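Welcome, and please take a look at the model below.

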Amino acid sequence: MAATRGVAIVTGSSSGIGQETARALARRGLATVLVARQRDRLEALARELAPYAPSVPLPLDLSHGEDTVDSVLAEATARTGPADVLVNCAGHGMYGSFLDTAADELHTLMRVHYFGPVAAIRAVLPSMRARGRGHVINICSMSSKMGPWGHTGYAAAKAALSTFTESLATEYSHSGVRFSVVHPGLVDTPFFERGDLPRLRVRTERRMIQPELVARTVVGLLDRPRLQTCVPRHYRLVDAIAACSPTLLHRLVARQSRPHALLGGVGDRP
Ligand SMILES: NC(=O)c1ccc[n+]([C@@H]2O[C@H](COP(=O)([O-])OP(=O)(O)OC[C@H]3O[C@@H](n4cnc5c(N)ncnc54)[C@H](OP(=O)(O)O)[C@@H]3O)[C@@H](O)[C@H]2O)c1
C-alpha cells in the first residue's frame with residue numbers, strides 16, 4: 001500500500017457516524033479499512049476516499065464471533081499493514097419496553113455492541129502493543145450513562161463496552177496504546193430507521209446533532225487523547241448531576257424519556 005499517515009480500521013463505515021469518521025480519517029491521510037455488512041456501500045465509499053488515501057472495503061458481520069472477526073481483520077491488515085487506529089462504531093439501536101423485547105434481540109445487541117468490538121480489539125492490540133503505539137476509540141452512547149426508557153439491552157451493551165474500555169486503558173496505561181470512549185447524544189443518521197426508533201426520532205429531532213460533529217470529535221482525539229468524551233460537550237453535565245445526585249438524574253431522565261413525555265410531556269413540547 002502507498003505511503004500513508006497510518007492505517008485506521010473503522011467498523012460501521014457503510015453509514016452514519018462510521019462513514020463520516022472514515023471520511024475524516026482519509027482526509028487526514030490515513031488508509032482506511034472499511035468494515036460493515038453492505039459490500040456495495042463500502043465499495044462506493046472506498047472509491048470516494050481513493051483520492052485521499054487507499055481504502056479497503058471489508059464486508060464483515062461483527063456478530064459472527066471472535067474467530068471470524070480475527071481472521072478477516074488479519075487478512076485485511078496483511079494487505080494494509082498493521083492498524084494504528086481502530087474505531088468501533090458498528091451497531092444498531094432498539095426502542096421498546098424490556099418485556100416486549102425478545103431475548104434474541106438482547107443477545108444480538110450484546111454480540112454487536114460488546115463482543116464485536118472486543119474481538120476487533122483482540123485482533124489489533126498485540127501489534128499495537130508490540131509497536132508501542134495505537135489508538136482504540138469505541139463509540140458508546142449517552143444512554144449508557146443515563147438509562148433512558150426503552151433502551152435496556154442497548155444501554156447495557158454500551159455500558160459494557162464503556163467499562164471494558166476503562167479497564168483496558170488501566171491495564172495498558174504504560175503500553176503507548178491509547179483508549180477512548182465517545183458518548184454521542186442523538187445523532188441524525190439511519191440508526192433511527194430501524195424497528196420502533198422512528199417513533200423516538202419524531203419527538204427528539206430538534207435535539208439531534210449531525211454525524212460530522214461526532215466524526216470531528218473522534219479524529220480530534222488522535223491529537224488530544226481523552227479517555228471519555230461526550231458529543232455535544234455540554235452533555236458532560238450528566239456526569240456532574242450523577243455525581244451530585246444519581247436520584248435526581250434518574251428522575252430527570254425518566255420524566256424526559258417516558259413515551260408519554262415524548263408524546264407531549266415536560267421538556268419535549270413542540
Ligand atoms: N445515531 C445516534 O443517535 C447514536 C447515538 C449514540 C450512539 N450511537 C452509536 O453510533 C454507532 C453508529 O451508529 P449510526 O448512528 O451511525 O447508525 P447507522 O447509520 O445505522 O450505522 C450503523 C453502522 O453499523 C453497521 N452495522 C450494524 N450492524 C452490524 C454488524 N452486525 N456487523 C457489521 N456492521 C454492522 C451498519 O452497516 P451494515 O448495515 O452495512 O452492516 C452501519 O454501517 C452505533 O454503535 C450506535 O449505537 C448512535
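## Aromatic rings

Tyr-114, Phe-115 and Phe-164 are linked into a cluster by ring pairs. Here, rings of Phe, Tyr and Trp (its six-membered ring) pair if their centres lie within 6.5 Å; planes under 30 degrees apart count as stacked, over 60 as edge-to-face and the rest as tilted. By this rule there are 6 aromatic pairs. One of them is the edge-to-face pair of Phe-191 and Phe-192, with 5.2 Å centre to centre and 70° between the planes.

## About the model

This is a predicted model, in which local features need pLDDT of at least 70 and side-chain atom pairs count only at pLDDT 80 or more, whereas totals for chains, interfaces and linings use all residues. Residues are numbered from 1 along each chain as its sequence is written, and side-chain values use heavy atoms, with hydrogens and water left out.

The average pLDDT (the predictor's confidence in each residue, from 0 to 100) is 93 for the protein, and 95% of the residues score at least 70. Residues 264-270 have a pLDDT below 50, and this stretch makes 15 contacts in the model beyond near neighbours in sequence. Contact means heavy atoms within 4.5 Å. Where pLDDT is low, the predicted coordinates should not be read in detail.

## The largest cavity

Rolling a probe the size of a water molecule over the atoms shows where empty space is left. On a 1 Å grid over the protein atoms alone, a cavity is a set of points where a 1.4 Å probe fits but cannot get out, and a pocket is an open set with protein on both sides within 12 Å along at least five of seven lines; lining residues have an atom within 4 Å of a point. Grid points are joined across faces, edges and corners, and a volume is the space filled by probe spheres set on the points. The count comes to 1 cavity of 30 Å³ or more, and the largest cavity has a volume of about 40 Å³.

Among the residues lining the largest cavity are Thr-11, Asn-88, Val-112, Pro-117, Ile-139 and Leu-161. Its lining has 7 nonpolar, 3 polar and 1 charged residues, where Ala, Val, Leu, Ile, Met, Phe, Trp, Tyr, Cys and Pro count as nonpolar, Asp, Glu, Lys and Arg as charged, and the others, Gly among them, as polar. Helix 4 (103-131) and helix 6 (152-171) each supply at least two lining residues, and helix 4 gives the largest share, 3 residues. Helices (H or I, at least four residues) and strands (E, at least two) are DSSP runs, numbered from the N terminus.

Pro-117 is found in helix 4 and is buried, with a relative accessible area of 4%. Leaving out residues up to four places away in sequence, Pro-117 touches Asn-88, Val-112 and Leu-161. Which residues does Asn-138 touch, not counting residues up to four places away in sequence? They are Asn-88, Ile-121, Leu-161, Thr-165, Ser-180, Val-181 and Val-182. Asn-138 is buried, with a relative accessible area of 0%.

## The second largest pocket

About 250 Å³ of space lies in the second largest pocket. Its lining includes Arg-5, Arg-28, Asp-84, Arg-133, His-135, Arg-178 and Leu-222. By class, this lining has 3 nonpolar, 4 polar and 5 charged residues.

## Loops and a cis peptide bond

Tyr-95 belongs to the loop between strand 4 (85-88) and helix 4, and at 8% relative accessibility Tyr-95 counts as buried. Tyr-95 and Arg-194 are 99 residues apart in sequence and 9.0 Å apart in space, C-alpha to C-alpha.

Gln-210, in the loop between helix 7 (197-204) and helix 8 (211-223), counts as partly exposed at 41% relative accessibility. Gln-210 touches Val-187 and Asp-188, not counting residues up to four places away in sequence. Another loop, between strand 7 (228-231) and helix 9 (237-244), holds Pro-232. A cis peptide bond joins Val-231 and Pro-232, with omega about -5°.

Conventions: Buried < 20%, exposed > 50% of the residue type's maximum accessible area, 1.4 Å probe, protein only.
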